[in-house]
Amino acid sequence: MARIEPDIPQGSILESDSPDPSLINVQCLDPSNYRKQTWKNGLGETAEIYIYPPDQDFKTDSFFWRLSKHVIDADCNFSVFADYECTTIVLPDHNKKSMISLNHKGEEMTTTVKPLFPYSWSGSWATSCQVPNPPVTNLQFLIKRNLGSAQFNVDKIGEPVANESGETGKKLILGSFALVYVVEGNVCIEVDERHMEESIYKLSAGQTLLVERDEDASPTSIVVQASDASGVVGRNVSDATILTIQISEAKKDTLFTDYSFPPTAAPIDIAAGQRTRPPRRKGSLVVYDDQPLQGALQKGPLAAGEPIILPSDETVGELASSLQSTGLSSVDEGMRRDSIAMLQGTLDSTQMYIPPSIALHPQDTDVPPPIVRDRLVIEDFPVHTISTAWIKMVKQGLSEWIRLPAIVCRGTADGPVVGITAAVHGNELNGVPCIHRVVSEIDVNKLHGTVVAVPCVNMIGYLQFKREFGDGRDLNRLFPGKEDGFASQVYCYELMRKVISQFNYLIDLHTASFGRINSYYVRADMNDPGSALLAHLQQPQIVLHNSGQDGTLRSAASARGIKAITVEIGNPQLFQNQYIQWSYMGVMRILDNLEMYTMDATKSAHERGSRGPPSTILCSKGFWIYTKTGGVLEVYPGVNTIIRKGDLIARIKNIFGNVVDEYVAPCGGIVIGRSSNPVAMSGDRIIHLGVIKRKGESLAKEAKENY
């Protein structure tokens, strides 16, 4: 009897209809064709291996990337390349010890670069080079930072060695370009061995293989094997060393604002349908079904599976005209080559990722390398400059310093000193990107006064992903510390003495701890006008009156006349973009109110929807409700929700599912925080309940919480 094959379920497996990757250009670059030039100062020689776009003059023209080979005969200064990232790779010389020492911006420290260890730095830094044993040969790679990035790998190629997939000498090229430079020996390189464009290239020491491809297509594979001088691969050939550079284009709207890349002058002759790189590729991100558009209003419903192409720089009016179904033949080249776009109509809309707005507008703090100081002294840092420093705090068990990172933004005019601290508890991290955004926003030429940001106070807890300091104690219950106390007390004492003493205002950024989640709220002494103003300017969901006197950094600062608030920004050990944006806007409002920094009115209007919650609830007191027995805890109200007296808020069940206890709200209020850990012991937390202030109620002079 013939065997009957079962029907294959339709739609259960999805495959990409993307075409095979077309190589735009593959060239073997020979040293005889490198463009050589002797340095005017006579201290060396440069051979330009390749520059993209081709035929650009790196001295006068803007370019994407450039690879060159240098022979350095004596100590010298490297040229400055603003907006570029520089990477050097010293090449080995078996007859002597090759290395160079680089010094950036006249700092005391120098970096020794040894052979075949890629070393990168900002091209805007003034860099001097010392050559202990000249001459030294090195490769230098430049790439414009806002246009792309590069990845470097040095490999020893010899007897067959399999990679993680069991394939020998195989590499996947994912970016737009790949460069394979042969440092030593001979290699045979097979490009795209499973596709019709398969080609084999034989290279010897000093030669370079250039591969240019469509980055939006599927990966291109190359196989590199050691060979003899004639290109024969075998077991008796010598080992070879290669450097592979993979170059990826940046994915953002302004990718090619500086210039347009012309087609490569000499593409390889492969398939008849060969395509050259267009001067400017549109994005091929496709939105399906009911997925919302960012920054545009959708007019009318779309048919299921109908694609919406998100253009990179068209206006909303132009976008509306593109929201029409189109046949595959009329789809733009970027979409046609996108393996995701070709699955239109087959994916659930929730599977399509759209980068959040903050990811589309990265903000680099662009700060210089740090200096090391014994303590923070504002006057030691130059005006109208952003500086970074490591502040020596206490010595650890190896007799080395635990150092505190500090970012000092000094303006052009006198004014107050505002301190911003984060990660006093090592796993409370939302304050870190908040600080990064504040620093990236500040133009010191428009700043009055000084902003000092400490993105991580508890370095030991931060590195161990935990709340406490190295001795297991909570720093934020031990301020102002003791000079002769135990480890946590000494650390708190030194923090107050070396850093906090410089501040006029303090914004201390926190989150909930493990097993709990928080609303976005501020803890402040609302009887103090200065602190109350800071709390209101932060514009949180909730303000909780708390007078201090509880060992916190805020209370210790307040006792020394520093106006201080604690900002609780959501949950531990993760980043929550909405809360981070709100807290960042709150800090900027405080700086604006203190007449230190004027907020950009245009930007403020643009970000109005992200400036903060629409209203703030003031609580006269707050307290935690705890379990009376252990078991599986179910907590029902969410944070920032108002509950009434008698509302059921939680249940405890045993492991078999029987309800053993129920908890109701003892009074009305708002949920400031709550437990997120279902495994509860007797005496564990349930919810942090805020008692909403009544009109006419006087706030207590001493108000604390049952932490």
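1. An open sheet is built from four strands in the order β36-β35-β33-β38, with antiparallel pairing. Strands pair here if DSSP finds at least two bridges between them. Helices (H or I, at least four residues) and strands (E, at least two) are DSSP runs, numbered from the N terminus. The edges are β36 and β38 (679-680); each has a single partner strand, so one side of each is left without a neighbour in the sheet. As a reminder, strands of a sheet pair through backbone hydrogen bonds, either parallel or antiparallel.

2. A note on the basis of these remarks. This is a predicted model, in which local features need pLDDT of at least 70 and side-chain atom pairs count only at pLDDT 80 or more, while totals for chains, interfaces and linings use all residues. Residues are numbered from 1 along each chain as its sequence is written, and side-chain values use heavy atoms, with hydrogens and water left out.

3. Confidence comes next. The protein chain averages a pLDDT (the predictor's confidence in each residue, from 0 to 100) of 82, and 77% of the residues score at least 70. Residues 1-6 fall below 50, and this stretch has zero contacts in the model beyond near neighbours in sequence. Residues 8-19 are also below 50, but that stretch has twelve contacts beyond near neighbours in sequence. A contact means heavy atoms within 4.5 Å. Where pLDDT is low, the predicted coordinates should not be read in detail.

4. Return to the sheet. β35 and β36 run antiparallel and are joined by five bridges. The loop between β35 (648-653) and β36 (659-664) holds F656. F656 counts as exposed because its relative accessibility is 73%. The classes are buried under 20% relative accessible area, exposed over 50% and partly exposed in between (1.4 Å probe, protein chains only).

5. F656 also belongs to a surface patch. With V632 and I655, F656 makes a nonpolar patch of about 370 Å². Patches are made of residues with over 30% relative accessible area and no salt bridge; like charges are joined within 9 Å, and nonpolar side chains (Val, Leu, Ile, Met, Phe, Trp, Tyr) within 5 Å. A salt bridge is a side-chain nitrogen of Lys or Arg within 4 Å of a carboxyl oxygen of Asp or Glu. Areas come from the Shrake-Rupley method with a 1.4 Å probe; for residues, only the protein chains shown count as cover.

6. Most residues other than glycine have a negative phi, and most peptide bonds are trans. The Y52 to P53 peptide bond is cis, with omega near 0 degrees; P53 lies in the loop between β3 (44-52) and β4 (65-72). P134 and P135 are also joined by a cis peptide bond, with omega about -5 degrees. P135 sits in the loop between β10 (127-130) and β11 (136-144).

7. Two non-glycine residues have positive phi. K105 has a phi of about 60 degrees and lies in the loop between β7 (100-104) and β8 (111-113). K105 counts as partly exposed, at 35% relative accessibility. E595 has phi near 60 degrees, in the loop between α9 (577-593) and α10 (601-606). E595 counts as exposed, at 67%.

8. Now the buried parts. Helix α4 (residues 431-441) is mostly covered, with ten of its eleven residues buried; among them are V432, I435 and R437. V136, in strand β11, counts as buried at 1% relative accessibility. Leaving aside neighbours within four places in sequence, V136 contacts residues including H70, V90 and M99.
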